[in-house]
Amino acid sequence: MDGDHKSFRMHDLVCDVARIIASNDPHRFKVVEDVPSNQDWTEIEDESKFISLYCKAVHELPPRLVCLKLQFFILQSNSGASWNTIPNTFFEGMNQLKVLALSGVHFPTLCLDRCKLGDMAMIGELKKLQVLSMVGSDIQQLPREMMQLTNLRLLDLNYCEELKVIPRDILSSLSRLECLFMKSCFSEWATEEVCDGDINACLSELNKLHRLRTIE
């Protein structure tokens, strides 16, 4: 166990045995510790419900990863990774995905178009994010953790028809935002008289975004 008691080391043999057992489990758990740069992604595409990938040597993610039964997906990288973008169609083959965990991933663009989104609290960890697109997703409430996305320049919420709650101060905290798209989306703006309460955002918050150039 490490000195900080937050992690422990496992012998390679024990780790290999654990992987074999997990791969034969009815719920199937797949762990790839070091995805090679020449990875054949079709080898990862199977019926696993839980997948963890560490992609420090990967140069480019595939257009999509088809794992039709995947429910829990961990994607890890490090600051030296050469890839910095997740393709727009990457998640299209993960129709049952419930949990997405991104660790050490610092890319400027995240596309979650037409995705079924649950807990989005992890979005606050993507502090270098510049473009966030959730077009047509089923998101109902923007997470307060979005207030940490101070480098965000474009936010696309077009056709998020189920979005009913944008907590106060989230939009005004996106100080570098230049483009905001909200067509056929949120309409529950609070009135100025009650904007100080702990409720939805009001339109006056947009006046604090001095770099905002495009609103649709």
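Of the 216 residues in the chain, 41% count as buried (under 20% relative accessible area with a 1.4 Å probe, protein chains only). The model is predicted, so local features need pLDDT of at least 70 and side-chain atom pairs count only at pLDDT 80 or more, while totals for chains, interfaces and linings use all residues. Residues are numbered from 1 along each chain as its sequence is written, and side-chain values use heavy atoms, without hydrogens or water.

The chain holds two helices and nine strands (DSSP runs of H or I, at least four residues, and of E, at least two, numbered from the N terminus). Along the sequence the pattern reads α-β-β-β-β-β-β-β-α-β-β.

Five strands form an open sheet in the order 5-6-7-8-9, with parallel pairing (at least two DSSP bridges between two strands). Strand 5 and strand 9 (214-215) stand at the edges with a single partner strand each, so one side of each lacks a neighbour in the sheet. Strand 5 runs parallel to strand 6 (residues 131-133), joined by three bridges. L110 stands opposite L132 in strand 6.

The largest pocket contains about 490 Å³ of space, a volume filled by probe spheres set on grid points joined across faces, edges and corners. A pocket is an open set of points on a 1 Å grid over the protein atoms alone, where a 1.4 Å probe fits, with protein on both sides within 12 Å along at least five of seven lines; lining residues have an atom within 4 Å of a point. The lining has 23 residues, and F91, L97, C115, K116 and L117 lie nearest the centre. Strand 4 supplies the largest share, three residues.

Conventions:
Buried < 20%, exposed > 50% of the residue type's maximum accessible area, 1.4 Å probe, protein only.
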